[in-house]
Protein chains: 2
Amino acid sequence: MMSSTTIDVPAESSNVAKGKAVLVAAPRPGGWKKGIAIVDFVLRLGAVAAALGAATTMATADQTLPFFTQFFQFEASYDSFTTFQFFVITMALVGCYLVLSLPLSIVSIIRPHALGPKLFLIILDTVFLTLATASAASAAAVVYVAHNGNQDSNWLAICNQFGDFCAQTSGAVVSSLVAVVVFVLLIVMSALALGKH
Amino acid sequence: MMSSTTIDVPAESSNVAKGKAVLVAAPRPGGWKKGIAIVDFVLRLGAVAAALGAATTMATADQTLPFFTQFFQFEASYDSFTTFQFFVITMALVGCYLVLSLPLSIVSIIRPHALGPKLFLIILDTVFLTLATASAASAAAVVYVAHNGNQDSNWLAICNQFGDFCAQTSGAVVSSLVAVVVFVLLIVMSALALGKH
């Protein structure tokens, strides 16, 4: 009796191990990669909206004060500031790139194990992340000076006069920062998908 | 005669094909990965110099004009501008991160096929690329206004008076842009090394 039970126990434990091994292998491989590819696509859609929204908000920022002196009328628009012109051009470029990258993102959903599209996207994403961050940060710096002014260099805050203009440019900067955050998420997800295959 | 020559030709061509296959497989696998890891380390050293150089150049930018009025003396230093304070702090942080990342880069040289260090580096590189680009671009925007002024908002160019200060801050911005370019190269190289294993 003793010998038969001692033989039974290891036999049962090996069965349990086999059952566990089957359970672990059950989810089809690459399923999480497809999930990441779908999240990638949705995030790209959001980034398109953020980038194009930032560009159009900045491009339409224009305010003329209701009073004028003998010499000139006070008007502020985005092309008063070189930095804001750069912002509009760059954000439009980033938006176009994101729209053009959507088909490649769809290819990644259909073929989650294809390396080519992922590599192409992560490299271009890095370049356009830099572009988007540069334009967002430089516009933010100018908006900051417009809000607060600078005593030592005698630059006066213009947001007291041009309130609507300042509100609109600040909104554009916030929208572009959303695009930057999405870009960082996209690159991190692509790196994880590239590394774990 | 005809039949024997026609048999010889395919036999010879298959030998050539075999020889080629051996030649292609000859270089030991992963050799180019070690090369990329070494270039990564060297680029990181350069980026450390660029980032810390930018931080110190900006932090030491200080100019006092040799004349003063009844009320105040004209002085410009990096802490006159919030953007430049941000620049100094961010560039010092980026420099510290790059120094701390050197050991991980060495691990990648010793073990070119290890995934962990590469993934860790590419994700943190992306975050610090964003930080470096943001500070470089915002400082560049302020330096631009300092050089050119802005007519519509009545901000006068201060570089006529504070020539040395402007030269030093411009140099710091250029140095930080070098760090940004190196970061982009590092991420592209890491992505290629991650993808082709």
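Residues are numbered from 1 along each chain as its sequence is written, and chains are lettered from A and ligands numbered from 1 in the order in which they are written. In this predicted model, local features need pLDDT of at least 70, side-chain atom pairs count only at pLDDT 80 or more, and totals for chains, interfaces and linings use all residues, while side-chain values use heavy atoms, with hydrogens and water left out.

Chain A contains five helices and two strands. Helices (H or I, at least four residues) and strands (E, at least two) are DSSP runs, numbered from the N terminus. Along the sequence, the pattern of chain A is α-α-β-β-α-α-α. Chain A has 197 residues, of which 45% count as buried. Buried means under 20% relative accessible area, exposed means over 50%, and partly exposed lies in between (1.4 Å probe, protein chains only).

Salt bridges were considered next. A salt bridge is a side-chain nitrogen of Lys or Arg within 4 Å of a carboxyl oxygen of Asp or Glu. By this rule there are four salt bridges over all chains. One of them joins Arg44(A) to Asp40(A), with the closest N and O atoms 2.8 Å apart. Asp40(A) lies in helix α2 of chain A, which spans residues 31–59. Arg44(A) lies in helix α2 as well, four residues from Asp40(A), about one turn of the helix. The side chains of Asp40(A) and Arg44(A) are also joined by a polar contact of 2.8 Å. A polar contact is a pair of N or O atoms within 3.5 Å; within protein, one must be able to donate a hydrogen and the other to accept it, and residues adjacent in sequence count only if both atoms are side-chain atoms. Asp40(A) counts as buried because its relative accessibility is 8%. Arg44(A) is buried too, with a relative accessible area of 0%.

Arg44(A) has another partner. Asp125(A) forms a salt bridge with Arg44(A), and the closest N and O atoms are 2.9 Å apart. This pair links distant parts of the chain: Asp125(A) is in helix α4 of chain A, Arg44(A) is in helix α2, and 81 residues separate them. Asp125(A) has a relative accessible area of 0%, so Asp125(A) is buried.

In chain B, the side chains of Asp40(B) and Arg44(B) meet in a salt bridge of 2.8 Å, N to O. Both residues lie in helix α2 (residues 31–59) of chain B, four residues apart, about one turn of the helix. Asp40(B) and Arg44(B) are both buried. In chain A, salt bridges that share partners join Asp40(A), Arg44(A) and Asp125(A) into one network.

Charge also gathers on the surface. Asp62(A), Glu75(A), Asp79(A) and Asp152(B) form a patch of negative charge there. Patches are made of residues with over 30% relative accessible area and no salt bridge; like charges are joined within 9 Å, and nonpolar side chains (Val, Leu, Ile, Met, Phe, Trp, Tyr) within 5 Å. Lys and Arg count as positive and Asp and Glu as negative, with His and the chain ends not counted.

Ser80(B) lies in the loop between β2 (73–77) and α3 (82–110) of chain B. Its relative accessibility is 14%, so Ser80(B) counts as buried. The side chain of Ser80(B) reaches the backbone oxygen of Ser77(B) at 2.9 Å.

Asn154(A) has a phi near 65 degrees, a positive value in a residue other than glycine. Asn154(A) lies in the loop between α4 (115–148) and α5 (163–195) of chain A. Asn154(A) counts as exposed because its relative accessibility is 57%. In chain B, Asn154(B) has a positive phi of about 65 degrees, although it is not a glycine. Asn154(B) lies in the loop between α4 (115–148) and α5 (163–195) of chain B. With a relative accessible area of 56%, Asn154(B) is exposed.

Helix α5 of chain B contains Asp164(B). Asp164(B) counts as exposed because its relative accessibility is 56%. The C-alpha atoms of Asp164(B) and Pro112(B) are separated by 47 Å, and the two residues are 52 residues apart along the chain.

How values were computed:
Accessible areas come from the Shrake-Rupley method with a 1.4 Å probe; for residues, only the protein chains shown count as cover. The place of a charge is taken as NZ of Lys, CZ of Arg, CG of Asp or CD of Glu.
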